[in-house]
Amino acid sequence: MNKLKVASLSTIFFSLLTLFFFSQNIFAYTPIPNSPLANNERPRIFINPATLSVLTARATGSHAVMYSSLKSRADELLTTNPKMGGYSVTIFDQAAILALVSLVEKTNGNDYTTYKNRAFLFAQYVLDNADPWQLTSKHSGQSYGIRGQAGALSIIYDWLYSDLPPTLKSDMHNFLVNI
């Protein structure tokens, strides 16, 4: 058999094998029975009701200067388009800043709608531009890597869960479960 036929046969075989595996949905994730994901409950990331009161107290007390700086950065993000691919501030950082300021402002009884809505815009941007095939990318830890994408969605999903519009909540849940 000449080299061209061997190359063609191996290419066809690989293509058929790839098609078979991808058509079998072998990458679908089935949550552990009775886990939060299986019960459509949300996991908790960093902040729970006990730590939230401490966090908000610090934001207006001992860490007020730091929180003011964080809130200024959130204000800048209100006029910044979401972007994946930077080294200085990742999509995860941007999402976390907006979600945290939203959460603290809400807990303190302040208007947080602008920050919340902007966080939702960032979440939708991640969903619309996510590339789950970057699992082994040399930049996988950066904002355009899957860890940054999933991290950004996880923070918004957890910290702003009760405010998420149903469709966005469902889309985020499906992305996180099936990643």
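View 1. Glu76 is partly exposed, at 44% relative accessibility; partly exposed lies between buried (under 20% relative accessible area) and exposed (over 50%), with a 1.4 Å probe and protein chains only. Arg73 is partly exposed too, with a relative accessible area of 23%. The two form a salt bridge, with the closest N and O atoms 3.1 Å apart. A salt bridge here is a side-chain nitrogen of Lys or Arg within 4 Å of a carboxyl oxygen of Asp or Glu. Helices are DSSP runs (H or I, at least four residues), numbered from the N terminus.

This is a predicted model: local features need pLDDT of at least 70, side-chain atom pairs count only at pLDDT 80 or more, and totals for chains, interfaces and linings use all residues. Residues are numbered from 1 along each chain as its sequence is written, and side-chain values use heavy atoms, leaving out hydrogens and water.

**View 2. The salt bridge of Lys71 and Glu105.** Their side chains meet at 3.6 Å, N to O. The pair links distant parts of the chain, 34 residues apart: Lys71 in helix 3 (residues 64-77) and Glu105 in helix 4 (residues 91-107). Glu105 is buried, at 5% relative accessible area. Lys71 is partly exposed, at 26%.

**View 3. The salt bridge of Lys106 and Asp163.** The N to O distance is 3.1 Å. Lys106 lies in helix 4 and Asp163 in the loop between helix 6 (146-159) and helix 7 (166-178), so the pair ties together parts 57 residues apart in sequence. Asp163 is buried, at 18% relative accessibility. Lys106 is partly exposed, at 32%.

How values were computed
Helices (H or I, at least four residues) and strands (E, at least two) are DSSP runs, numbered from the N terminus.
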